[in-house]
Amino acid sequence: MQGVYEERRSLLRAVLAGGAYAAIGPALAAAPAPLLTRPIPSSGELLPVVGLGSWITFNVGDDPVARARCTEVVRAFFQGGGRLIDSSPMYGSAQAVIGHALAQLKIPKTLFSADKVWIGAGARGPAQIEASRTLWGVPRFDLLQVHNLLAWEEHLRTLQQMKAAGRLRYVGITTSEGRRHGEFTKIMETQPLDFVQISYNVLDRDVENRILPLARERKIAVIVNRPFRQGDLTEALAGKPLPGWAAEIGCTTWAQVLLKFIVSEPAITCAIPATSNPAHALENMGAARGPLPDAALRRRILDDVKRLT
Amino acid sequence: MSEWWTYSLSDLLMFSKATYFRLFELHNLALWPGQLLALAVGIALFACLWHGGAKAGRSAALLLALAWLQVAWSYFAQRYATINTGAPYFAIGFALQAVLLLWLASRRQAPRLTEVVGSLGKLALGIALLALLYPLLAPLGGRPWAQGELFGLAPDPTVAITFAALLLWRARLLLWIVPLLWCAISAATLVELRSGQAWALPVLALLAAGARLLAARRAAA
């Protein structure tokens, strides 16, 4: 964010020095709004509020055409300022496809790699993590999460050991579609976690009752999966004109509105929409810039989306 | 998956409709000109079903066994496994059915095909013909021809023509289990993908199984 302001100040000084004041208007207007970031509470490290998911969209097997398209999605994501990419061994070929894309892009330095461990036997966790790391082609993961609480006690022990040994930066747990929230909150209350990942969107807001307040209280970063209800929300809203209030928060698409609704909740660190379309990846990153809706506008978004879907 | 009962069908579907159908295109490209051989085997199988009798029944069982093995190995194990972690289990199921068909073909008493005279025979031949025309579903569904699913190379048309043979063999329940299971899995996948052809295989299965049950009831009466 600092960099953008510096850039603008330099531009202003240069133009004024040249006596061409009239030129700065368009130049400043063209400069993008700064990227919205949130700190990871356990470290203070800043993350852009929009990341990239890979469920379904990156499971394209060894299809060279689809892999090239996924690479373009990742390229557009980084060009838009994105950092966090999330995957899982449960997602078929998604890890290998991410690895392919990252290799093509020479592993951007800003990458924040988030993956999961998902295997019933705790003893097999380390081997699965190593296989995942190889597929990504990264020296280590930034974040590893226990996927859907599967064998969570054993896996959390492994992940905490990896973190202590400097082979991992952050540890988390995940759930989706509102599953096992009771057990999830108990783990949040008792275990030292850096991240939790949950499903949250305009129509699925159960986590607002307990999980999000608890995350704030326990200083845990929150990643949001299924922000579009696996495409159902964007599909239902397709073709419906954007209400006038969308312009107030700099949104040009429903996808951006849905993402801004999510990331305007203060407890949320990052939402991870998945897409196989490079243009959509860039469009989603647009939700990480400009103003966010206030409480009143959040209510209007909620009402309008409910009415239109 | 410890909490499998909390998952819905859509949670288990891990690929998109475009990826699923593109897989057939890649499969066809990789196997070309194997389609010509598959078509020849399909026509030979159809001729066996038309001809009827014990010798044709044995040949049909052998041809079908080869088709099921081919689908198990080249489609499920080599292709579908790249996007579906469940594919190796489907490969095992298809290999098992191939073994059952080989056992049927190798029995001393050949599996006799009912001669195509009555409505049951005509229905079976109709199902077999539709199975051979299965690739047409791709252009009919607005997809490229290259994504056509062929008997012997793709599971659904292979299962469809097997229903015709099972009907004409008046086969025991044991031989119907894997085809019916696959029919349920395929239909569920296509329904979740919101594909218009989700109904195709279940309709053929219902016709074949319904006719088989009716024939069994008549025989018992």
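## Ground rules

A residue is called buried here if 20 or more other C-beta atoms lie within 10 Å of its own, exposed if 12 or fewer do, and partly exposed in between, with C-beta atoms placed from the backbone. Helices (H or I, at least four residues) and strands (E, at least two) are DSSP runs, numbered from the N terminus.

What you're looking at is a predicted model, in which local features need pLDDT of at least 70 and side-chain atom pairs count only at pLDDT 80 or more, while totals for chains, interfaces and linings use all residues. Residues are numbered from 1 along each chain as its sequence is written, and chains are lettered from A and ligands numbered from 1 in the order in which they are written.

## A helix tucked away in chain A

Let's start with helix H11 of chain A, residues 254–263. Ten of its ten residues are buried, so H11(A) is largely enclosed by the rest of the structure. The buried residues are A:Trp254, A:Ala255, A:Gln256, A:Val257, A:Leu258, A:Leu259, A:Lys260, A:Phe261, A:Ile262 and A:Val263. They pack against several elements of chain A, including strand S8 (221–225), helix H12 (278–285) and helix H13 (295–308). Contact here means that the C-beta atoms of two residues, placed from the backbone, lie within 7 Å.

Zooming out, chain A has 13 helices and nine strands. Of its 309 residues, 44% are buried. If you take the contacts in chain A between residues at least 6 apart in sequence, 78% join residues at least 24 apart.

## The sheet

Seven strands of chain A form an open sheet in the order S3-S4-S5-S6-S7-S8-S9, with parallel pairing. S3 and S9 stand at the edges with a single partner strand each, so one side of each is left without a neighbour in the sheet. Helix H6 (residues 152–164) of chain A packs on the sheet and touches S4, S5 and S6, and its direction makes about 165° with that of S6(A). Angles like this run from 0 to 180 degrees between N-to-C directions, and axes are lines fitted to C-alpha atoms, for helices over the stretch in contact. Two strands count as paired if DSSP finds at least two bridges between them. Strands S6 (residues 168–174) and S7 (residues 195–199) of chain A pair in the parallel sense over three bridges, with A:Ile173 opposite A:Val196 in S7(A).

S4(A) pairs in the parallel sense with strand S3 (residues 84–86) of chain A over three bridges, and A:Ile85 stands opposite A:Ser113. S4(A) also pairs in the parallel sense with strand S5 (residues 141–146) of chain A, over four bridges, where A:Val117 has A:Val146 as its bridge partner.

## Two helices in chain B

Over in chain B, helix H8 (residues 155–169) and helix H10 (residues 200–220) pack at an angle of about 10°, with their axes 9 Å apart. H8(B) and H10(B) are therefore roughly parallel (angles under 35 degrees count as roughly parallel, over 145 as roughly antiparallel, 65 to 115 as roughly perpendicular and the rest as oblique). Among the residues making the contact are B:Phe163 and B:Leu167 of H8(B) and B:Leu204 and B:Arg212 of H10(B). By class, the contact has eleven nonpolar, no polar and two charged residues. Ala, Val, Leu, Ile, Met, Phe, Trp, Tyr, Cys and Pro count as nonpolar, Asp, Glu, Lys and Arg as charged, and the others, Gly among them, as polar.

## Where the chains meet

Between the chains, 16 residues of chain A are in contact with 15 residues of chain B. The chain A side has five nonpolar, six polar and five charged residues.

A cis peptide bond joins B:Trp32 and B:Pro33, with omega at about 5°. A:Leu149, not a glycine, has a positive phi of about 60°.
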